[in-house]
Amino acid sequence: MTKTEFMEVLQRTLAGSLGSGTVSGHMRYYQDYFDSQLAMGKDEMQITAELGDPRLLAKTIIEAAKREGMGGGTPEYDEVYEDGTAEPKGNGRVKAYRMPVWLVAVLVFMVLFVIVGMVTSVVTALLPVLLPVLAVLLVVRLVRNR
């Protein structure tokens with residue numbers, strides 16, 4: 001089984017029983033685990049073989065989360081903190097937010113669009129002044145060359 005297949009099965013299995021914050025925390029952990037093992041020279045097949053069946057792993061994670069009281073929850077309203085726990089507010093921890101990749105891409109596109117629009121506005125505003133100046137400079141250069 002490849003890393004991609006393993007991660008997809010693990011995520012699908014976890015998503016049905018845990019909140020989105022808890023799932024994303026576990027997915028980050030296993031992504032980091034794969035990265036570290038690959039850096040040590042192991043291949044994907046070895047790593048997935050060592051981890052075993054992702055459905056069994058997910059079942060273990062779900063059972064552990066239920067014992068800790070982290071299971072269930074409404075995925076849209078999960079509160080997940082930097083350490084991956086879902087502890088109540090007021091404990092002095094900083095709340096970590098993750099933006100979806102598509103939203104980041106849209107924001108970057110909008111910023112670039114605004115910058116291009118501003119540059120275009122400045123060039124358009126200066127064009128009536130620059131064109132005569134450039135024309136005069138061209139005429140002067142042509143007259144000097146004769």
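In the protein chain of this predicted model, confidence is highest in helix H5 (residues 101-145), at a mean pLDDT of 93, and lowest in helix H4 (residues 54-68), at 88. Here pLDDT is the predictor's confidence in each residue, from 0 to 100. Helices are DSSP runs of H or I, at least four residues, numbered from the N terminus. The mean over the protein chain is 83, and 82% of its residues reach 70 or more. Residues 71-84 stay under 50, and the model has 35 contacts for them beyond four places in sequence. Contact means heavy atoms within 4.5 Å. Where pLDDT is low, the predicted coordinates should not be read in detail.

The model is predicted, so local features need pLDDT of at least 70 and side-chain atom pairs 80 or more, while totals for chains, interfaces and linings use all residues. Residues are numbered from 1 along each chain as its sequence is written, and side-chain values use heavy atoms, without hydrogens and water.

The axes of helix H2 (residues 20-39) and helix H3 (residues 44-51) come within 10 Å and cross at roughly 130°. Axes are lines fitted to C-alpha atoms, for helices over the stretch in contact, and angles run from 0 to 180 degrees between N-to-C directions. Tyr30, Tyr33, Phe34, Gln37 and Leu38 in H2 meet Glu44, Ile47, Thr48, Glu50 and Leu51 in H3.

The whole structure holds 3 salt bridges, each a side-chain nitrogen of Lys or Arg within 4 Å of a carboxyl oxygen of Asp or Glu. Lys3 pairs with Asp35, with the closest N and O atoms 3.5 Å apart.

How values were computed: Helices (H or I, at least four residues) and strands (E, at least two) are DSSP runs, numbered from the N terminus.
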